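Let's take a friendly walk through a protein model and look at its aromatic rings. Keep the sequence and the 3D view at hand as you read.

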Amino acid sequence: MKKIICYIVYGDNMDYYNSTKFSILTLLNYTDNANIDIVVLTENPNKFKDYPITTIKLSQTQKNDWSLDGKYHFRIKNLGLQYILKTLGLSKNDKILFFDADVYFNKNPLVLFDLITDTQVVMYKNEGYIYKKKRFNYYKNNLKGKLIQYKKGSIYTLNSNSEMWGSAIIGVPALAHYSIKDADLLMSNLSKILDIDKVHTIEQFSLVEILKMDFRVIEGKTYINICSTSGKKYFALKKINNFLKKNNRLDIKSLSEKSLRINLKRYIFKIIKDKLLS
């Protein structure tokens, strides 16, 4: 059984590449003798040339097609994951674990693989029921009562059990590639009803709603750290960029060990100070 950890990074912003590098560096502290392969789907494989990983080239054509000609780049995550599964030729018993670039580790995340089974998948966190959260009213108001055919003979309908799940983690068995394909079909049809300029969560909503048809979905948030808000990202990126620049002559093993000493969390007095100065 193969265990794959993957990332997807594209564009010209070096912050995304540096965040991914830092995530991989913290991860490498836990992968020795673990029989884990790390894969990055990226437009710029050369940016990871010194890292002990496998890169898969993301072409400009794929990027344009998957992002609806740049109108919805979030779609690249699901289709990129599907492409990685296909490219690696994984068997149904293999497992794949996707992390966003702003995820990093100070404890062993490999236990997440134990949570992935033929009947169970892992997502970052449950953000709540669509019908119960005011912030999901746009979904409820636009989808309630609609019958949405996403493939021949298959209809989706919003219901009281419909949920939103964060996708900073996506952990699935390789056999779930059919679900990922169906999720994109659903997302494509939902994007004809929902304004993609207003909602940037259609791909993760579609993915989980389809996965729930065949799998139990559980949270994996306790096994990672994440710089999810704009304030956290700004603070973390500054430290990450400085860390990589300052230590650019170190070998990967030394850099990996040193990465665990970098604290990316903002303390409350720092948050208050930043707000007062903004």
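Is Phe243 buried or exposed? Phe243 counts as buried, because its relative accessibility is 5%; buried means under 20% relative accessible area, exposed over 50%, and partly exposed in between, using a 1.4 Å probe and protein chains only. Phe22 counts as buried too, with 1% relative accessibility.

Before going on, here is how to read the values. This is a predicted model, in which local features need pLDDT of at least 70 and side-chain atom pairs count only at pLDDT 80 or more, while totals for chains, interfaces and linings use all residues. Residues are numbered from 1 along each chain as its sequence is written, and side-chain values use heavy atoms, leaving out hydrogens and water.

Now to the rings themselves. Rings of Phe, Tyr and Trp (its six-membered ring) pair if their centres lie within 6.5 Å; planes under 30 degrees apart count as stacked, over 60 as edge-to-face and the rest as tilted. By this rule there are ten aromatic pairs. One of them joins Phe22 and Phe243 edge-to-face, at 5.9 Å centre to centre with 90° between the planes. Phe22 belongs to helix α1 (residues 14–28) and Phe243 to helix α8 (residues 230–246), so this pair ties together parts 221 residues apart in sequence. Helices here are DSSP runs (H or I, at least four residues), numbered from the N terminus.

Phe48 and Tyr51 also form an edge-to-face pair, at 6.3 Å centre to centre and 80° between the planes, and both residues are buried. Elsewhere, Tyr7, Phe99 and Phe105 make up one aromatic cluster.

Technical notes: Helix = DSSP H or I, 4+ residues; strand = E, 2+ residues; numbered from the N terminus.
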